[in-house]
Structures are given as C-alpha cells and as structure tokens.
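Here is a short briefing on one protein chain. Please look at the sequence and the model before reading the points.

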Amino acid sequence: MTLAALGLGGNIGDPPASMAQALNSFANHENCRLLAVSRLYSTPPWGKMDQADFFNCCAIVETSLAAEGLLDLCLDIERGMKRVRRERWGPRTIDIDVLTYGQETIQTERVEIPHPRMTERAFVLMPLADIAPQMVVNGRQVADWLEEADNTGIRIANKKREWWTLPFSSE
C-alpha cells in the first residue's frame with residue numbers, strides 16, 4: 001500500500017458536491033482507502049483568469065494501485081462526472097490530480113510525480129498543509145513551500161473539516 005496525495009478542484013456547477021462525490025468514489029474503491037480530507041478553499045483562477053473562482057481541497061489516500069493506475073482512476077472518476085477537457089486551465093466540473101505517490105519521483109509520458117507545479121500553487125499547498133504539513137516534496141516540507149507561495153485571494157470556504165459526507169462506509 002502506498003500513500004498518495006490528491007488535489008481536487010472545480011468551478012462549474014456545484015464544485016463542493018462534485019468533489020464530495022469524487023472523494024466518496026475513492027473511499028468506496030476496492031483499491032483505495034481515504035485517510036484524510038482538507039478543509040474546502042475558495043480560490044481565484046490560475047493560468048486563465050477570465051472565469052469563476054474555484055473550490056479546492058486535498059486528500060490523502062492509501063492505495064494498492066500503481067501510480068498510473070491511480071491516475072487512470074482519477075481520470076475515470078472525472079469522466080464519470082462529465083469532465084470535458086476543452087482548454088488548459090479552463091473551467092471544469094472536476095479536476096483530480098495525483099500530487100504525490102509515496103516518496104517516489106516518476107516521470108513518464110502520462111504522469112509526472114510529484115506534480116510539477118504543486119510547489120508554486122498556494123491553492124494546492126494550503127489544503128495539503130491542512131492534512132500533511134510535514135510531507136516532503138522536492139526536498140522540502142509542504143509547510144515550508146507554503147510560506148513562499150502567493151495565497152492572495154484564497155480563503156477557507158468551509159471551516160468544518162467534515163464538509164463532505166461519506167454515504168457508504170469504506171471499511
């Protein structure tokens with residue numbers, strides 16, 4: 001079993017409900033166990049600015065899937081939730097990124113782990129620091145990366161740790 005960090009986000013429809021649905025998919029998957037979920041954050045768009053604010057969170061899962069298998073599961077969940085990839089950094093119902101996969105560094109045509117831009121993005125680092133501040137990414141702890149990141153406009157959207165609900169037990 002490997003611990004992996006996931007980043008979830010969206011800005012079309014009801015993003016908190018979409019993220020909760022995606023989290024439940026991981027929690028109920030036979031090869032995953034959902035261990036932790038961050039608070040929910042509201043964040044300004046990044047990369048493409050002429051769109052609605054995003055909601056973001058992070059999760060830690062324990063999985064028996066290989067890194068590319070976990071990526072495939074993320075993409076399957078996105079497709080099942082009608083995610084359509086039209087433009088880079090554009091609006092989306094749901095986006096699920098594999099941020100880390102254990103302590104591994106992986107670079108293939110399909111996946112790059114750790115996620116190549118995660119240490120530059122406060123909208124990833126803030127929720128990840130909620131649940132794994134001491135996690136080491138590229139030689140530094142998440143909390144240290146966060147100190148240098150620009151978190152302008154990012155705010156906690158729901159202070160409750162359990163902003164999402166799990167309808168079925170994963171036990």
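This is a predicted model: local features need pLDDT of at least 70, side-chain atom pairs count only at pLDDT 80 or more; totals for chains, interfaces and linings use all residues.

Residues are numbered from 1 along each chain as its sequence is written, and side-chain values use heavy atoms, with hydrogens and water left out.

**Nonpolar cores**

- A nonpolar core is a set of buried Ala, Val, Leu, Ile, Met, Phe, Trp, Tyr and Cys residues joined through side-chain atoms within 4.5 Å; buried means under 20% relative accessible area, exposed over 50%, and partly exposed in between (1.4 Å probe, protein chains only).
- The largest nonpolar core has 30 residues, and Leu6, Leu8, Phe26, Leu70 and Ile96 have the most contacts inside it.
- Two or more residues of this core come from each of strand 1 (2-10), helix 1 (15-27), strand 2 (32-37), strand 4 (54-63), helix 2 and strand 5 (95-101). Helices (H or I, at least four residues) and strands (E, at least two) are DSSP runs, numbered from the N terminus.
- Helix 2 gives the largest share of this core, six residues.
- A second, separate core has 21 residues, including Ala5, Ala122, Leu128 and Val142.

**Helix 2**

- Helix 2 (residues 67-80) has 14 residues and should span 20 Å at 1.5 Å a residue, which agrees with the 20 Å between its end C-alpha atoms. The expected span is 1.5 Å times one less than the number of residues.
- The buried residues of helix 2 are Ala67, Leu70, Leu71, Leu73, Cys74, Ile77 and Glu78.
- These residues lie on the same side of helix 2 because they cover an arc of only 155° around the axis; the arc is that of the directions from the helix axis to the C-beta atoms.
- Arg79 and Gly80 are exposed on the other side of helix 2.

- Leu99 is in strand 5 and counts as buried because its relative accessibility is 1%.
- Leaving aside neighbours within four places in sequence, Leu99 is in contact (heavy atoms within 4.5 Å) with residues including Ala5, Leu6, Ile113 and Val124.
- Leu125 lies in helix 3 (residues 122-131) and counts as buried because its relative accessibility is 0%.
- The C-alpha atoms of Leu125 and Gly7 are 9.4 Å apart, although 118 residues separate the two along the chain.
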